[in-house]
Amino acid sequence: MSSLWSLIRRDLLLAYRRRGEVGNALIFFGLVVLLFPIGIGASETLLAQIAPGLIWIAALLATLMSLDSLFKEDYQDGTLEQWTLSPHSLVAFVWARLISHWLITALPLVAVAPVLALTLNLPADAIGVLLLSLLLGTPVLMFVGAIGVALTTGLQKSSLLLPLLVLPFYIPVLIFGASAVEVSASGWSAAGQLYILAGLFVLGLTLAPFAVASALKVSVSQ
Amino acid sequence: MNIIAKWYYRLGAPNWFYPLTGKMLPWIAVIFLALLIPGLYMGLFTAPADYQQGDSFRIMYVHVPAAWMSMFIYFAMAVAAVVALVWRVRMAEIMIISSAPIGASFALIALITGSLWGKPMWGAWWVWDARLTSELILLFIYLGIFALYNAIENKQTAGRAMSILTLVGVVNLPIIHYSVVWWNTLHQAATVSKFDTPSIHIDMLIPLLLMAAAFQFLYLWILLLKMRANLLEQDLHCGWVKKIIWDRRKAHNGGN
């Protein structure tokens, strides 16, 4: 447990020393949201109608983009190899890394989402559900996406491969996340969708690190 | 040693597998044709026309077995992935990578025939129906597995990475399928009508079952052909491949 904590602290400290990179996912998130009104037209009713799905898709893509660097540095400088050789659990390492990565990249994303939602005319009543759905959904995106990252970490040219592997598995989260916001924007209770998201959250949190760890072992061995 | 274990080890050894499957292949092809020809004939000619859909329902005899196969093959791949990861059986990895393009092809056939069927029935080439959407997602998962295997140079690593991805997929597929079904019932506007598990007449059912069995043998046939080709390619410098080439050359020269 203490090693888990020290790993998280190390990652947070490193991120704090390189503050510039942290903002990149956030800027990407804002830019994707900006593209839609420009592409579709700035009609207020139309935007309000598509806002839940739009914000969710933008958040999903931003999370995916931020994942690319998840294990890259540790793979290149050999930390990962040392870790698999050491008696410490690789699953714990993965867990710590994912938690710190979520804190660094996804949490700011969740915090900014309400502001972007307001620019898209999402009803203010739905903001709470948007926050909650993103809080439950983005960790699932991270944990599932990490499996794809672990499988492609050792590859030279993997830029397009990662979305190809991971996006199909993002569909359930997108369906329930966007639907939760949509339902609450039309004034109904989103409890059902949020419960399912919570279920996916628990499932991803408990199962995915094992898949990530075994995928990392494969990537390191090559 | 009991007989199952014996067969298991023989099938796991390329130098046994290759000649054995070589003898099996013509028989499998014969069984496939023996099932396909009556299946197609009964499906296209003797089965009665549907009272609602007329003759256009007959595409079902390709569409439904192809859709079944696309799911069956994924399941078979997942079983092989467990075998490959737990017992480190190389043949299981070759089976997965040989199956992935076949499964993707069946999924594509199911999508294309589904869209051809949808045009007269729904009035549109594509409807975001739950089953079509999950079939499309399945196709993308197949393509992802295939892309991952091809991206990794070292084939031993590639096989294990692919097995892990296959297993991740099999855990996720039910979740994806049911969430898509749920999503579809929420956005009902597009679908015109859904045929809710219609009770099927026996004259229509028999050709369907024949076609489904024929497609199973078609899969087995293509699978063995592809596995043999993949084996030869990977083991190009191994003794057993050299021996096969040597024997062939000797037989060829002897014939002259």
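**Helix packing in chain B**

I started with H4(B) and helix H5 (residues 130–151) of chain B: their axes come within 9 Å and cross at roughly 155°. That makes H4(B) roughly antiparallel to H5(B); the cut-offs are under 35 degrees for roughly parallel, over 145 for roughly antiparallel, 65 to 115 for roughly perpendicular, and oblique for the rest. Axes here are lines fitted to C-alpha atoms, for helices over the stretch in contact, with angles from 0 to 180 degrees between N-to-C directions. Helices are DSSP runs (H or I, at least four residues), numbered from the N terminus.

Before going on, I noted that this is a predicted model, where local features need pLDDT of at least 70 and side-chain atom pairs count only at pLDDT 80 or more, while totals for chains, interfaces and linings use all residues. Residues are numbered from 1 along each chain as its sequence is written, chains are lettered from A and ligands numbered from 1 in the order in which they are written, and side-chain values use heavy atoms, with hydrogens and water left out.

H4(B) passes H5(B) in a left-handed crossing (near helix turned anticlockwise from the far one by less than a right angle; clockwise is right-handed). For contact (heavy atoms within 4.5 Å), I found B:Ala104, B:Leu108 and B:Trp122 among the H4(B) residues, and B:Leu139, B:Tyr142 and B:Phe146 among those of H5(B). By class, that contact has 17 nonpolar, one polar and one charged residues. Nonpolar covers Ala, Val, Leu, Ile, Met, Phe, Trp, Tyr, Cys and Pro, charged covers Asp, Glu, Lys and Arg, and the others, Gly among them, are polar.

Next I checked H4 (residues 90–122) of chain B against H7 (residues 202–234) of chain B: about 130°, axes 9 Å apart. That makes H4(B) oblique to H7(B). The crossing of these two, H4(B) and H7(B), is right-handed. B:Met91, B:Ile94 and B:Phe106 are among the H4(B) residues there, with B:Phe215, B:Tyr219 and B:Lys226 among those from H7(B). The class count is 14 nonpolar, four polar and two charged residues.

**Between the chains**

How many residues does each chain put into the contact? I get 24 from chain B and 24 from chain A. About 2100 Å² is buried between them, 85% of it from carbon and sulfur atoms (accessible area, 1.4 Å probe, lost on putting the two parts together, summed over both). I counted zero salt bridges between chain B and chain A.

**Salt bridges**

Over all chains the structure holds seven salt bridges (side-chain nitrogen of Lys or Arg within 4 Å of a carboxyl oxygen of Asp or Glu). One I looked up joins A:Arg97 and A:Asp11 at 2.9 Å, N to O. The pair links distant parts of the chain, 86 residues apart: A:Arg97 sits in H6(A) and A:Asp11 in H1(A).
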